[in-house]
Amino acid sequence: MTLSIQLSEDAERQLRATADRLNVPVDQLAAAAVRDFVAHPTPELGEVARRVFEKNAELYRRLA
């Protein structure tokens with residue numbers, strides 16, 4: 001699966017810095033983070049994601 005996401009400049013900087021520090025490609029680090037989240041979701045992160053999705057529901061509908 002190919003997935004395209006938008007990150008804030010700060011999040012992109014952090015992702016790139018972490019990938020550089022670990023000496024891995026950015027896309028592989030992002031994929032590993034998604035796999036880890038799906039395999040081991042935390043209740044707190046799930047609640048935050050739910051609130052973000054609810055807050056941006058109209059935007060998501062328009063983009064679909």
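Before starting, I noted that axes here are lines fitted to C-alpha atoms, for helices over the stretch in contact, with angles running from 0 to 180 degrees between N-to-C directions. I also reminded myself that this is a predicted model.

Entry 1: I looked up α1 and found 14 residues. From its first C-alpha to its last, α1 reaches 20 Å, close to the 20 Å expected at 1.5 Å a residue.

**Entry 2: a helix pair.** How do the axes of α1 and α2 cross? I found that they come within 9 Å and cross at roughly 105 degrees. Angles of 65 to 115 degrees count as roughly perpendicular, so α1 is roughly perpendicular to α2. On the α1 side I listed Leu15, Arg16, Thr18, Ala19 and Leu22, and α2 brings Val26, Leu29 and Ala30 to the contact. By class, I noted six nonpolar residues, one polar and one charged in this contact.

**Entry 3: the largest pocket.** I then turned to the largest pocket, with a volume of about 1,100 Å³. It is lined by 25 residues, and Leu3, Ile5, Gln6, Leu7 and Val34 are the closest to its centre. Which elements give two or more residues to the lining? I wrote down α1 (9–22), α2 (26–39), α3 (43–55) and α4 (57–63). The largest share, eight residues, comes from α2. Sorting the lining by class, I got 18 nonpolar, three polar and four charged residues.

Methods: Residues are numbered from 1 along each chain as its sequence is written. This is a predicted model: local features need pLDDT of at least 70, side-chain atom pairs count only at pLDDT 80 or more; totals for chains, interfaces and linings use all residues. Side-chain values use heavy atoms; hydrogens and water are left out. On a 1 Å grid over the protein atoms alone, a cavity is a set of points where a 1.4 Å probe fits but cannot get out, and a pocket is an open set with protein on both sides within 12 Å along at least five of seven lines; lining residues have an atom within 4 Å of a point. Grid points are joined across faces, edges and corners, and a volume is the space filled by probe spheres set on the points. Helices (H or I, at least four residues) and strands (E, at least two) are DSSP runs, numbered from the N terminus. Ala, Val, Leu, Ile, Met, Phe, Trp, Tyr, Cys and Pro count as nonpolar, Asp, Glu, Lys and Arg as charged, and the others, Gly among them, as polar. Angles under 35 degrees count as roughly parallel, over 145 as roughly antiparallel, 65 to 115 as roughly perpendicular and the rest as oblique. Contact means heavy atoms within 4.5 Å. The expected span of a helix is 1.5 Å times one less than its number of residues.
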